[in-house]
Amino acid sequence: MAKYMEMIRIRFLMMLAYRTNYYSGILIYSINIGAYYFLWSAIYGDKSSIQDLSIVQMTTYIAVSWMARAFYFNNIDREIALEIKEGKVAIEMIRPYNYLGMKMMQGLGEGIFRILFFSVPGMVIVYFIFPIQFTTHPATWGYFLISILLSFIINTQINLLTGIATFFLFNNDGLIRAKRVVIDLFSGLILPISFFPVWAQSVMDYLPFKGISYIPSMIFTEGFKGNEILHGLMNQTLWALVLFIPIQLLWTTAKRQLIVQGG
Amino acid sequence: MDYIIDVKELRKEFTSHSSRSGLKGAFRDLFTRNYTIKTAVDDISLQIKKGEMVGYIGENGAGKSTTIKMLTGILTPTSGHVRVNGMNPHKDREQFVRSIGVVFGQRSQLWWDIAVQESFRLLKKVYNVPDEFYNTHMADVIETLAIEPLLDKPVRKLSLGQRMRCELAAALIHNPPLLFLDEPTIGLDVLVKLKIREFLKEINAKYGTTILLTTHDLSDIEALCERVIMLDEGKIIYDGALRQLRENWGEGKQIQFSFAEEATHAELQSLTHDHLVVWDQGSNASNWTASVENNEDIISAVIGQVVGAKKIADLKIVEITTEEIIRNIYEEGAVRNG
């Protein structure tokens with residue numbers, strides 16, 4: 001376990017090595033939240049609520065989903081693809097650890113760094129500019145924490161799958177880009193799932209994406225109540241478990257036919 | 001007998017597709033492809049004992065790196081039996097890799113953006129090296145390789161020679177009994193090369209580390225290895241002592257003549273017709289090399305005959321270098337016996 005903790009620490013150091021990235025990150029997230037806030041206030045107009053969400057809840061939803069995104073979002077699919085393309089994966093195979101586990105820990109290191117140094121200061125800035133309401137129920141905060149941890153796991157698993165696909169496709173920039181758009185759209189980051197047409201909502205019930213952003217954000221804004229919270233968390237847990245299966249299958253096949261590119 | 005590396009009839013085939021030419025060909029490639037099977041390593045068998053330093057040589061594409069990758073568990077063999085350190089590298093991967101160290105000259109295994117010592121610290125955790133052992137062992141390694149002043153620099157700021165010394169140190173953090181070096185001296189200057197060679201000898205003497213080394217620089221092999229394994233098109237064409245290779249192949253001497261005027265092959269041949277001499281032209285018509293048997297009488301006689309008939313600008317007697325021996329072997333494609 002010590003080696004995985006050490007990997008989180010190393011990732012922290014790597015994030016700190018590039019300061020400009022760090023400062024521009026805070027700025028970009030604040031601008032995104034601002035843009036969506038103005039967009040939604042125009043859509044709301046005089047209406048006090050749409051789909052049971054008030055404008056304040058909506059703003060909070062946006063702010064929280066972007067801040068949560070800072071935690072679950074990572075580029076490990078791109079990194080895996082790059083390591084495969086450059087043949088660096090050979091080096092990883094001679095290390096006594098689980099490659100995918102190590103990648104997940106790197107993602108976690110990145111996530112913890114971002115939530116502490118992007119999201120918290122970013123949230124403070126946003127709090128003073130836009131009308132946001134933080135819940136005062138400690139239970140909601142607790143559910144939210146569990147929920148974003150699960151959303152990190154689901155998102156990282158999807159990233160691992162996309163990354164491993166490079167073994168078979170050799171060049172999967174297109175797939176990585178497509179995955180990103182699909183996640184931003186279907187996870188409820190851009191538009192809450194309850195705003196989609198009913199048929200689309202029922203399709204999304206069978207997809208893992210809403211566990212990434214919609215469920216934790218709805219928990220935080222208290223758009224989910226009582227049983228809905230538990231259902232949401234169960235949905236997330238289920239997906240986190242189910243996604244292990246294709247990852248293991250793909251990874252076993254990939255290792256067997258591993259060809260180290262570039263000699 | 002316990003071998004640290006025991007390989008029998010190891011084979012690796014790669015399937016690759018060849019693209020058809022032209023636009024029409026590219027469209028056809030969308031539906032059906034031409035596959036060809038290439039054998040990179042062709043039924044090789046080899047045994048290496050503990051504490052040996054073995055040079056593994058061959059031309060580019062001879063299958064050296066592929067063999068190393070199979071021995072380290074990165075690639076799965078197509079067929080054959082592999083046991084390294086008593087384990088099957090592919091099956092028991094996580095346990096197996098703890099018992100080896102690997103340096104790939106062309107790829108870094110340190111983390112690019114962070115200081116060298118942070119990489120060391122991570123590797124120490126990864127290999128579960130106890131603090132006490134780490135402190136004494138690494139202090140020694142760091143001192144011998146003189147990398148103390150580099151430890152707090154990020155890897156991207158190091159020169160190639162500096163980086164390579166750090167890579168070596170990183171591969172030895174867990175003091176593995178077996179070390180694979182894939183072209184460790186590529187692109188390095190003479191001083192760094194010497195330092196690395198000294199260090200490898202020291203490690204070998206101190207811990208009995210077995211070292212398998214691939215390189216294109218034969219002076220590395222001459223300095224380090226008693227045994228060489230030579231590979232050509234996936235097959236082993238020589239496996240034995242380097243000394244013996246020299247004795248069998250380097251039995252002759254070469255006399256390099258620089259004449260004051262131009263000379264012809266026929267002319268020189270007729271001058272020395274009573275001895276077995278092979279004349280080869282050098283860079284121009286006045287430079288010639290005579291290859292003769294290593295026998296003082298013959299050498300003196302040949303020099304006497306030539307000097308008596310032609311004006312000489314320069315003269316040199318040289319022994320055939322290992323490099324030439326190896327070139328000769330590759331040209332003939334097999335090692336002659338005796």
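This is a predicted model: local features need pLDDT of at least 70, side-chain atom pairs count only at pLDDT 80 or more; totals for chains, interfaces and linings use all residues.
How many of the five residues of strand β5 (residues 100-104) of chain B are buried? Five of its five residues are buried, which leaves the strand mostly covered.

- Strand β6 (residues 178-182) of chain B pairs with β5(B) in the parallel sense, and five bridges connect the two.
- Within this pairing, the residue that stands opposite B:Val103 is B:Leu181 of β6(B).

**The open antiparallel sheet of chain B**

- Chain B also has an open sheet of three strands, arranged in the order β2-β1-β4, in which the pairing is antiparallel.
- Because β2 (34-48) and β4 (79-84) of chain B stand at the edges and each has a single partner strand, one side of each is left without a neighbour in the sheet.
- On average, and with direction ignored, neighbouring strands of this sheet are turned by 30° against each other.
- Strand β1 (residues 5-18) of chain B runs antiparallel to β2(B) and is joined to it by eleven bridges, and B:Leu10 stands opposite B:Ile44 in β2(B).

**Nonpolar cores**

- The largest nonpolar core contains 124 residues, and the residues with the most contacts inside it are A:Ala63 and B:Leu213.
- Helix α3 (residues 55-72) of chain A contributes the largest share of this core, namely eleven residues.
- When residues up to four places away in sequence are not counted, A:Ala63 touches A:Ile33, A:Met123, A:Val126, A:Phe130 and A:Ile132.

**A helix pair within chain A**

- Helix α4 (residues 76-85) and helix α7 (residues 138-164), both of chain A, pack at an angle of about 25°, and their axes are 8 Å apart.
- With that angle, α4(A) is roughly parallel to α7(A), and α4(A) passes α7(A) in a right-handed crossing.
- On the side of α4(A), the contact is made by A:Ile76, A:Asp77, A:Ile80 and A:Ala81, and on the side of α7(A) by A:Thr156, A:Asn159, A:Thr162, A:Gly163 and A:Ile164.

**Where chain A meets chain B**

- Across the two chains, 22 residues of chain A are in contact with 23 residues of chain B.
- On the side of chain A that touches chain B, α1 (2-17) and α5 (89-93) of chain A each supply at least two residues, and α1(A) gives the most, with eight residues.
- Helix α4 (residues 116-126) of chain B packs with α1(A) at an angle of about 165°, with the axes 8 Å apart.
- That angle makes α1(A) roughly antiparallel to α4(B), and α1(A) passes α4(B) in a left-handed crossing.
- In this pair, A:Ala2, A:Lys3, A:Glu6, A:Met7, A:Ile10 and A:Leu13 of α1(A) meet B:Glu118, B:Arg121, B:Leu122, B:Lys125 and B:Val126 of α4(B).

Note on methods
Residues are numbered from 1 along each chain as its sequence is written. Chains are lettered from A and ligands numbered from 1 in the order in which they are written. Two strands pair if DSSP finds at least two bridges between them. Helices (H or I, at least four residues) and strands (E, at least two) are DSSP runs, numbered from the N terminus. Axes are lines fitted to C-alpha atoms, for helices over the stretch in contact, and angles run from 0 to 180 degrees between N-to-C directions. A nonpolar core is a set of buried Ala, Val, Leu, Ile, Met, Phe, Trp, Tyr and Cys residues joined through C-beta atoms within 7 Å. A residue is buried if 20 or more other C-beta atoms lie within 10 Å of its own, exposed if 12 or fewer, and partly exposed in between; C-beta atoms are placed from the backbone. Two residues are in contact if their C-beta atoms, placed from the backbone, lie within 7 Å. Angles under 35 degrees count as roughly parallel, over 145 as roughly antiparallel, 65 to 115 as roughly perpendicular and the rest as oblique. A crossing is left-handed if the near helix is turned anticlockwise from the far one by less than a right angle, and right-handed if clockwise.
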